[in-house]
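Reader: I am new to reading structures, and I would like to go through this one slowly. Could we begin with the ligands and then turn to single residues?

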Amino acid sequence: MEYQVIIPAAGQGKRMGANRNKLLLEVDGRPIIVHTLKVFEQDENCRGILLAIHPDDHLVLLELFDQYNIRKVTAMVEGGKERQQSVYYALKQALPNGVVLVHDGARPFIQQNTINELVSVAKETGAAIAAVPVKDTIKTVKQGLVDKTIERSSLWSVQTPQAFRHSLLMEAYEQAESSAFLGTDDASLVEEMGKKIQVVEADYDNIKLTTKEDLIFAEAIIRKRKEQ
Ligand SMILES: Nc1ccn([C@@H]2O[C@H](COP(=O)(O)OP(=O)(O)OP(=O)(O)O)[C@@H](O)[C@H]2O)c(=O)n1
Ligand SMILES: C[C@](O)(CO)[C@H](O)COP(=O)(O)O
């Protein structure tokens, strides 16, 4: 089942503390963004990649596309201050039909079976997101004191990809812009419209490389996969 994917890659990586776009840092000898792009490059159902970038990274990305034979990038748009803006600018360049995935450039370990299931569920229902059950006990804390413990059985840690029918995602983004709603993921914009979102259980390897420790976890995930 065919789809297009939007990859926001225009962040500053402040929490990584790399003083540059963290997606250009290398894991297993390749930039993080190359790992992510390669997943979609190799998926025959992916008909195009729309990338939101910082203009400073434009040339280096073009060089990486050549070096790693990445041919499916159909649009490169300048990202915005917030991730949500970056996704919206890329969405405006997408073909106006079918299923659109949004996937963080900073999640290089997404598995093909999760992508397949998300696309299929989104085609059927309109919206589907990858997530895993929360493993820790979660408490709300107020002024350093435990407020309460949240019942864990209904808590899920939400990842990307998040998959939507194009028309639904566009409507959600337009509505968010007119109401100045800012969410931390794409599904929250669709939730604002009162639409149902299906959850597809993904896996714990699909981490977002956010802080320095995550680079160590990333190398470990790659080692594990090479041994499998
Ligand atoms: N204005 C932004 C902010 C983020 N992103 C992208 O959205 C994804 C998820 O964001 P996050 O991991 O939080 O990245 P950064 O914003 O770069 O990190 P930080 O918040 O630590 O600066 C990343 O692929 C990032 O490049 C983006 O395209 N545009
Ligand atoms: C979309 C996301 O990956 C879901 O977990 C995440 O919210 C985006 O990045 P954040 O800046 O760490 O919230």
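This is a predicted model: local features need pLDDT of at least 70, side-chain atom pairs count only at pLDDT 80 or more; totals for chains, interfaces and linings use all residues.

Reader: Which strand gives the largest share of the shell around ligand 2?

Author: Ligand 2 is surrounded by R83, D104, V158, Q159, T160, T184, D185 and K208, and by class this shell has one nonpolar, three polar and four charged residues. The largest share of the shell, three residues, comes from the strand that spans residues 156-165, namely β10.

Reader: Is L50 buried or exposed?

Author: L50 has its place in strand β4, which covers residues 46-53. Beyond its neighbours within four places in sequence, L50 is in contact with Q4, I6, T74, A75, A90, Q93 and A94. A residue counts as buried if 20 or more other C-beta atoms lie within 10 Å of its own, and because L50 has 25 other C-beta atoms within 10 Å, L50 is buried.

Reader: And what does K92 count as, with its C-beta neighbours inside 10 Å?

Author: K92 lies in the loop between α3 (83-91) and β6 (99-102). The class between buried, at 20 or more C-beta atoms, and exposed, at 12 or fewer, is partly exposed. Because K92 has 13 C-beta neighbours inside 10 Å, K92 counts as partly exposed.

Note on methods:
Residues are numbered from 1 along each chain as its sequence is written. Chains are lettered from A and ligands numbered from 1 in the order in which they are written. A residue is near a molecule or strand if its C-beta atom, placed from the backbone, lies within 6 Å of it. Helices (H or I, at least four residues) and strands (E, at least two) are DSSP runs, numbered from the N terminus. Ala, Val, Leu, Ile, Met, Phe, Trp, Tyr, Cys and Pro count as nonpolar, Asp, Glu, Lys and Arg as charged, and the others, Gly among them, as polar. Two residues are in contact if their C-beta atoms, placed from the backbone, lie within 7 Å.
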